[in-house]
Amino acid sequence: LARRPAAEVVAALTALAEKVSGCRECKLCTTRNLTVFASGDSQARLMLVGEGPGAEEDKQGLPFVGAAGELLNKILAAIGLARDEVYVANIVKCRPPGNRDPEPDEVVACRGFLERQIDLVQPRVLVVLGRIAAHTLLGNDTPISKMRGKWYEIRGLPAMVTFHPAALLRNPALKRSV
């Protein structure tokens with residue numbers, strides 16, 4: 001696929017972010033402070049997809065800004081990438097109360113937004129962070145430990161599954177493998 005001009009991608013993502021900010025398709029809209037659309041380079045070669053916003057993300061309107069985000073930044077730095085060189089989004093765009101897992105209807109309500117983001121950014125590689133994101137995008141319920149390290153295809157793009165940074169904070173022994 002030929003890449004769209006950068007200005008066209010930015011305009012389309014901006015319009016999509018505005019649509020997300022007014023979304024009322026599921027009950028998450030009733031408890032959010034801010035929607036969390038994405039951050040990073042709209043022309044990035046690498047796109048990271050997480051589960052959903054946490055408390056700090058809900059306050060700031062940006063993905064991965066809490067403790068898990070700090071760890072993600074360190075992981076990216078370890079492979080020679082700055083945070084602003086990648087594109088970061090989530091399965092759901094509003095924080096599930098109490099950081100619970102997003103429910104199926106909530107995932108369905110947001111899925112089109114994420115698919116459109118992937119199609120617009122056209123990264124060379126997707127990295128899927130965590131169980132919820134992996135199960136959603138791959139349509140399976142395989143344990144993440146069995147999915148890690150294998151290539152998949154999502155929307156025609158190569159995709160790799162790995163542990164979510166929050167899981168690494170809970171279980172530091174997993175950090176080395178990531």
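Which backbone nitrogen does the side chain of Asn 90 reach? The side chain of Asn 90 reaches the backbone nitrogen of Glu 51 at 3.3 Å.

This is a predicted model, in which local features need pLDDT of at least 70 and side-chain atom pairs count only at pLDDT 80 or more, while totals for chains, interfaces and linings use all residues. Residues are numbered from 1 along each chain as its sequence is written, and side-chain values use heavy atoms, with hydrogens and water left out.

Asn 90 lies in strand β3, residues 87-90. Strands are DSSP runs of E with at least two residues, and helices are runs of H or I with at least four, numbered from the N terminus. Asn 90 counts as buried because its relative accessibility is 2%. Buried means under 20% relative accessible area, exposed over 50%, and partly exposed in between, with a 1.4 Å probe and protein chains only. Leaving out residues up to four places away in sequence, Asn 90 touches residues including Val 36, Val 49, Glu 51 and Leu 114; contact means heavy atoms within 4.5 Å.

Helix α3 has twelve residues, 67-78, and spans 17 Å from its first C-alpha to its last, close to the 16 Å expected at 1.5 Å a residue. Its two faces carry these residues:

| Face of α3 | Residues |
|---|---|
| Buried | Ala 68, Gly 69, Leu 71, Leu 72, Leu 76 |
| Turned away, exposed | Ala 67, Glu 70, Lys 74, Ala 77, Ala 78 |

Elements covering the buried residues of α3 include β2 (46-50), β4 (125-129) and α7 (165-170). Just after α3, Gly 80 has a positive phi of about 80°.

Note on methods
Expected span 1.5 Å × (residues − 1). Polar contact = N/O pair within 3.5 Å; in protein donor to acceptor, adjacent residues only side chain to side chain.
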